[in-house]
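Here are my notes for you to read with the model open beside them. Take the points in order and find each residue as you go.

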Amino acid sequence: MLLQWFRQNARDLPWRREPSLYKTVVSEFMLQQTQVKTVLPYFERWMTIFPNFEVLASASVEAVVRQWSGLGYYARARHLHQTAQHFVQNPPRSYRELLHYPGIGSYTAAAIASIAWNEPIAVVDGNVVRVLARVFNDSEIFTSKAAAIVWATPHAQRLLDKEHSGIFNEAMMELGAVVCTPTAPDCKHCPIQTLCKAFREHTVELCPHFHSTPHFKKTVDRLWLLTNKKLLLEPSLIGNKQLWELPELTEERRERFSNLNEIFRAKRTVTNTTYTEVVYQPHSSTNGNRSEAFFEQSPFEGCRFFPITELHAVALSGPHRRWIGEILKDGNTDEG
Ligand code: SF4
């Protein structure tokens with residue numbers, strides 16, 4: 001019944017149309033730590049620029065990272081590039097071989113091996129954990145997502161339809177993503193409702209049980225300085241990759257302006273900390289006569305102006321590309 005439900009209800013995703021090993025590999029790399037709706041435009045563009053392993057393998061790292069710009073976690077782009085080179089030279093044939101590839105852990109290896117080769121390995125992500133925790137209505141309290149995956153893996157492996165491993169894994173993940181959701185699951189239309197212990201015992205909202213972890217809050221102030229249609233950016237080392245971001249508004253920098261207006265505010269959560277990012281713009285009279293060079297020396301050392309028409313070619317961090325786009329779209333900025 002799960003497979004039949006999936007065949008009738010699966011979302012129409014580009015990597016499911018005329019599926020191939022290459023599409024599976026690219027989509028699994030992109031979907032690591034990134035939501036489907038964010039991945040969609042990147043995947044479509046990627047396929048036009050790098051349509052197969054051969055083209056991707058022969059591209060430069062810079063070109064690959066540039067196309068990844070905005071998706072975050074840039075090590076994935078480099079690992080995907082290296083993986084494509086391995087696939088071209090010496091194609092892997094199994095889950096175990098995939099585990100030796102850069103950036104491929106047990107989850108991604110299981111997804112690729114089962115979907116591309118129908119190898120009978122269960123895929124366990126957060127969606128599958130949630131479905132299984134509810135189906136079994138287990139009272140275990142998990143200290144982390146990793147601990148929950150360790151608990152769920154033997155259950156998932158036992159339930160796996162070994163004749164249809166790939167589609168079964170996809171169906172389980174899809175069920176967790178669109179029906180058995182964290183809040184307000186659609187139990188009424190669930191294909192496995194009759195098997196679900198939590199549904200029978202009215203404990204759906206309580207599963208899975210996680211230990212609450214400490215949560216921290218931090219506010220980061222940023223500077224928006226647009227002059228002569230150029231935007232001031234600051235380099236930031238994220239992982240081992242240098243990306244550009246809106247400059248942080250330290251106390252020392254703040255003192256350079258007599259009047260700052262808040263123009264944008266956004267929240268983002270990284271592990272156990274929620275950051276409130278607030279972007280300020282100096283009043284136009286504050287920096288009217290200052291040269292670009294003024295903002296490229298202490299306390300702005302490292303900062304550089306980039307023409308806004310060329311930002312698409314700058315390696316911006318994902319959230320900053322989005323925020324800059326939103327600020328420019330809103331149009332409530334002025335030039336200094
Ligand atoms: S019946 Fe509800 S809780 Fe149980 S698996 Fe289906 S959607 Fe999830």
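1. Let's start with what counts as a salt bridge here: a side-chain nitrogen of Lys or Arg within 4 Å of a carboxyl oxygen of Asp or Glu. By that rule, the count comes to 10 salt bridges. Keep in mind that you're looking at a predicted model. The general idea is simple: side chains of opposite charge can pair when their charged atoms come close.

2. How accessible is each partner? Arg-17 is partly exposed, with 35% relative accessibility, while Asp-12 has 57% and counts as exposed. The cut-off to remember is that exposed means over 50%.

3. Next, look at Glu-170 and Arg-16, whose side chains meet in a salt bridge at 3.2 Å, N to O. Which parts of the chain does this pair tie together? Glu-170 belongs to helix 11, and Arg-16 sits in the loop between helix 1 (2-9) and helix 2 (21-31), so the bridge links parts that are 154 residues apart in sequence. Is Glu-170 buried or exposed? Its relative accessible area is 16%, so Glu-170 is buried, because buried means under 20%. Arg-16, at 22%, counts as partly exposed.

4. For another kind of pair, go to helix 13 (residues 251-254). The side chains of Arg-254 and Glu-251 meet in a salt bridge there, at 3.8 Å from N to O. The two are three residues apart in that helix, so about one helical turn separates them. Glu-251 is exposed, with a relative accessible area of 55%, and Arg-254 is partly exposed at 24%. Some bridges also share partners: Arg-11, Arg-16, Glu-170 and Glu-174 are joined into one network this way.

5. How many cavities of 30 Å³ or more does a search of the whole structure find? The search finds three.

6. What takes up the space of the largest cavity? That space is taken by the ligand. The residues around the ligand are Arg-134, Val-179, Cys-180, Cys-187, Cys-190, Gln-193, Cys-196, Phe-199 and Val-204. This shell splits into seven nonpolar residues, one polar and one charged.

7. Helix 9, helix 10 (145-159) and helix 11 (165-178) each supply at least two of the lining residues, and helix 11 gives the most, with three. Eight of the residues in this lining are nonpolar, one is polar and none is charged.

8. Most residues other than glycine have a negative phi, and most peptide bonds are trans. Where are the cis bonds to look at? One runs from Cys-207 to Pro-208, with omega near -10°, and Pro-208 is in the loop between helix 12 (197-200) and strand 2 (209-210). Another joins Ser-298 and Pro-299, with omega about 5°; Pro-299 is in the loop between strand 8 (273-282) and strand 9 (304-307).

9. As for positive phi, check Tyr-73, where phi is near 45° although the residue is not glycine. You'll find Tyr-73 in the loop between helix 5 (61-68) and helix 6 (75-89). Asn-228 also has a positive phi, of about 50°, and its place is the loop between strand 4 (226-227) and strand 5 (230-238). Asn-228 is exposed, with a relative accessible area of 54%.

Definitions and conventions. Residues are numbered from 1 along each chain as its sequence is written. This is a predicted model: local features need pLDDT of at least 70, side-chain atom pairs count only at pLDDT 80 or more; totals for chains, interfaces and linings use all residues. Side-chain values use heavy atoms; hydrogens and water are left out. A residue is near a molecule or strand if one of its heavy atoms lies within 4 Å of it. On a 1 Å grid over the protein atoms alone, a cavity is a set of points where a 1.4 Å probe fits but cannot get out, and a pocket is an open set with protein on both sides within 12 Å along at least five of seven lines; lining residues have an atom within 4 Å of a point. A molecule sits in a cavity or pocket if more than half of its atoms lie within 2 Å of its grid points. Ala, Val, Leu, Ile, Met, Phe, Trp, Tyr, Cys and Pro count as nonpolar, Asp, Glu, Lys and Arg as charged, and the others, Gly among them, as polar. Grid points are joined across faces, edges and corners, and a volume is the space filled by probe spheres set on the points. Helices (H or I, at least four residues) and strands (E, at least two) are DSSP runs, numbered from the N terminus. Buried means under 20% relative accessible area, exposed over 50%, partly exposed in between (1.4 Å probe, protein chains only).
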